[in-house]
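Dear colleague,

Please find below the structure that I am handing over to you, followed by an account of what was found in it.

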Number of protein chains: 2
Amino acid sequence: MTEFGLIEYVAQLFGSVERQGWEAIGDDCTVLPIGGGEVLVITTDMLQEDVHFLRSATSARELGRKSLAVNLSDVAAMGIKPVAALLSVALPKNLTDEWAKEFLDGFHSLAAQYGVALVGGDTTSSKSGVSINVVAIGRGRAECVKRRSSARVGDAIYVGGELGASALGLRDILSGELDTCNAAIHRNPEPQVELGEWLGERGEVRAMMDLSDGLASDLCHILKLSCCGAEVDVDAVPAVEGDIEAAVCGGEDYKLLFTVDGSAAEQFERCFEQKFGYAPYRVGRVVVSSVPQIVWLKSGQRITPSWRGFTHF
Amino acid sequence: MTEFGLIEYVAQLFGSVERQGWEAIGDDCTVLPIGGGEVLVITTDMLQEDVHFLRSATSARELGRKSLAVNLSDVAAMGIKPVAALLSVALPKNLTDEWAKEFLDGFHSLAAQYGVALVGGDTTSSKSGVSINVVAIGRGRAECVKRRSSARVGDAIYVGGELGASALGLRDILSGELDTCNAAIHRNPEPQVELGEWLGERGEVRAMMDLSDGLASDLCHILKLSCCGAEVDVDAVPAVEGDIEAAVCGGEDYKLLFTVDGSAAEQFERCFEQKFGYAPYRVGRVVVSSVPQIVWLKSGQRITPSWRGFTHF
């Protein structure tokens with residue numbers, strides 16, 4: 001059973017349970033209105049040894065930091081500031097206290113950087129590998145929430161940073177080169193927390209999500225929920241080392257992917273550059289389409305790429 | 001490193017991170033005031049194959065139900081109604097679709113019983129055993145929240161049901177007898193959701209928690225946080241099959257443990273019986289003590305039991 005098969009089964013099963021104000025599953029986070037114009041957004045991610053990380057290739061500190069980073073990225077992708085987290089860990093008995101402390105130190109370093117409180121959790125032993133589950137919670141104003149379903153035809157499509165470093169780093173790690181720059185980026189992703197909060201406050205920003213599975217795959221989630229298509233100019237994609245395949249199909253970059261009202265795009269870009277000191281990467285535009293597909297362009301001509309996909313499961 | 005060593009390290013590490021309104025760790029759930037006199041309470045529990053369950057001894061359906069049950073019990077122990085849950089599962093690739101569906105069916109059956117919405121989650125593969133993490137969220141009025149720290153000298157101490165069946169059931173399972181009544185109770189704990197909500201609304205109810213590690217261990221958490229001691233009459237403990245050791249030291253009963261203002265105890269008991277059709281089990285009282293200890297009494301005489309403890313970790 002694939003991840004998506006499970007999710008569909010869950011959606012069908014729980015269709016009859018009253019949702020009591022919680023939004024349906026589909027975005028990076030679930031959204032709960034809590035009154036006074038505020039919402040909580042909540043996300044959870046599980047990391048399994050030998051699936052999401054190799055203990056031999058990742059320090060405990062990096063792993064602790066990354067397990068929070070991927071969740072903060074999901075909160076940021078809603079346009080909301082993360083405020084709290086819960087951490088569950090299952091640890092094999094042969095792990096040292098030192099390993100556990102370094103793991104927590106790494107988790108704490110990122111939490112402290114963004115003022116995220118650790119408000120709960122669970123610890124247990126494991127008869128096999130390390131298993132980690134993190135919940136991140138954001139709190140903000142309801143009108144700041146950005147959803148995958150809000151892209152409109154004519155929107156400009158942006159990514160928040162260079163893409164592909166994580167995939168190139170994973171390739172390095174799997175070939176035994178642990179000390180490359182890209183390998184370090186793979187192990188230490190930087191969630192775009194401040195950018196996400198800033199984008200949340202801007203009305204011209206429409207749909208948003210974070211790039212965890214790669215642009216080619218993730219953009220289709222926005223297109224599907226927004227009932228449209230996209231044109232993406234491969235020359236405009238900010239590909240690390242010029243590797244367009246890694247940039248477009250590689251996972252775990254954790255950069256924000258968002259669309260902006262086309263008529264406001266130029267002014268948006270000026271404000272963005274003024275705020276962050278670099279221009280946002282405009283990679284394409286949202287177009288009319290009866291299927292949620294991406295048309296890839298190079299020098300204005302349509303191309304048919306033969307990139308490999310990327311999937312965790 | 002024990003579970004408690006980790007928790008202390010976490011508390012020290014995160015002492016300097018602003019908690020933004022969230023209560024400190026220590027109760028079954030963390031509490032977040034959300035305005036309008038309301039709070040959310042949030043808890044999380046991780047279940048690991050071969051630590052918390054044996055796949056050979058538990059059906060997928062029972063496991064799905066139990067993984068939610070233990071979390072609903074934590075919410076109920078705060079005096080608050082559970083409204084939502086998040087579910088993360090890591091599944092080995094050799095598990096069948098049927099297993100995954102039955103697991104979800106079990107989870108859904110209990111969620112539907114109490115109107116708990118599934119609002120998020122994660123699924124991934126596992127290179128080793130099944131790993132499950134559940135988050136449960138309750139929502140209610142701030143004045144209904146019951147904390148471990150609220151017991152006062154003179155309070156009567158109650159448990160919400162008979163104790164020890166789960167420990168006896170685990171003993172059966174480990175000796176290969178899977179079909180006993182107690183084994184079924186061990187695999188299918190019934191969280192006291194309605195009782196918890198009712199107790200939350202009563203001002204004479206002071207401290208509360210759920211019994212996951214056994215009365216002898218769990219009551220000490222209340223005593224420690226409330227800075228007092230307790231006298232417990234072993235003859236008053238409702239022990240399944242008269243097995244006082246299983247009742248007092250056995251884990252995973254998931255009955256509520258709570259204290260009630262001593263001067264209101266008799267009227268409380270009448271209201272309880274009128275509501276639920278049985279009398280609550282008064283097992284002892286809260287006493288002055290400089291250490292958070294339990295004095296065990298039998299026919300009014302102090303005894304020194306030699307029961308074994310119980311720990312998951």
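In chain A, seven strands make up an open sheet with mixed pairing, and their order is β7-β9-β6-β10-β8-β11-β12. Its edge strands, each pairing on one side only, are β7 (205–210) and β12 (301–303) of chain A. From one strand to the next, the twist averages 30°.

Please note that this is a predicted model: local features need pLDDT of at least 70, side-chain atom pairs count only at pLDDT 80 or more, and totals for chains, interfaces and linings use all residues. Residues are numbered from 1 along each chain as its sequence is written, chains are lettered from A and ligands numbered from 1 in the order in which they are written, and side-chain values use heavy atoms, with hydrogens and water left out.

The terms used above are as follows. Helices (H or I, at least four residues) and strands (E, at least two) are DSSP runs, numbered from the N terminus. Two strands pair if DSSP finds at least two bridges between them. Axes are lines fitted to C-alpha atoms, for helices over the stretch in contact, and angles run from 0 to 180 degrees between N-to-C directions.

Within the sheet of chain A, β6 (residues 156–159) and β10 (residues 281–287) pair in the antiparallel sense, over four bridges. Ala156(A) has Arg285(A) in β10(A) as its bridge partner. Helix α6 (residues 193–200) of chain A lies across β7 and β9 (256–260) of chain A and runs at about 20° to β9(A); contact here means heavy atoms within 4.5 Å.

Elsewhere in chain A, Gly242(A) is found in the loop between β8 (229–233) and α8 (244–249). Gly242(A) counts as exposed because its relative accessibility is 61%, where exposed means over 50% relative accessible area, buried under 20% and partly exposed in between (1.4 Å probe, protein chains only). The C-alpha atom of Gly242(A) is separated by 42 Å from that of Val119(A), the two residues being 123 residues apart along the chain.

Chain B has an open sheet of five strands, also with mixed pairing, in the order β1-β2-β5-β3-β4. Here β1 and β4 of chain B are the edge strands, each pairing on one side only, and the twist averages 15° from one strand to the next. β3(B) and β4(B) pair in the parallel sense over nine bridges, with Ala85(B) opposite Leu118(B) in β4(B).

Helix α2(B) lies across β2, β3 and β5 of chain B and runs at about 140° to β2(B). Ser67(B) belongs to this helix, which spans residues 60–76. Ser67(B) counts as buried because its relative accessibility is 0%. Beyond its neighbours within four places in sequence, Ser67(B) is in contact with Leu47(B), Phe103(B), Phe107(B), Ile132(B) and Val134(B).

As to the interface, 67 residues of chain B are in contact with 68 residues of chain A. The area buried between the two chains is about 5,900 Å², of which carbon and sulfur atoms give 66%; buried area is the accessible area (1.4 Å probe) that two parts lose on being put together, summed over both. Between chain B and chain A there are zero salt bridges, a salt bridge being a side-chain nitrogen of Lys or Arg within 4 Å of a carboxyl oxygen of Asp or Glu.

With kind regards
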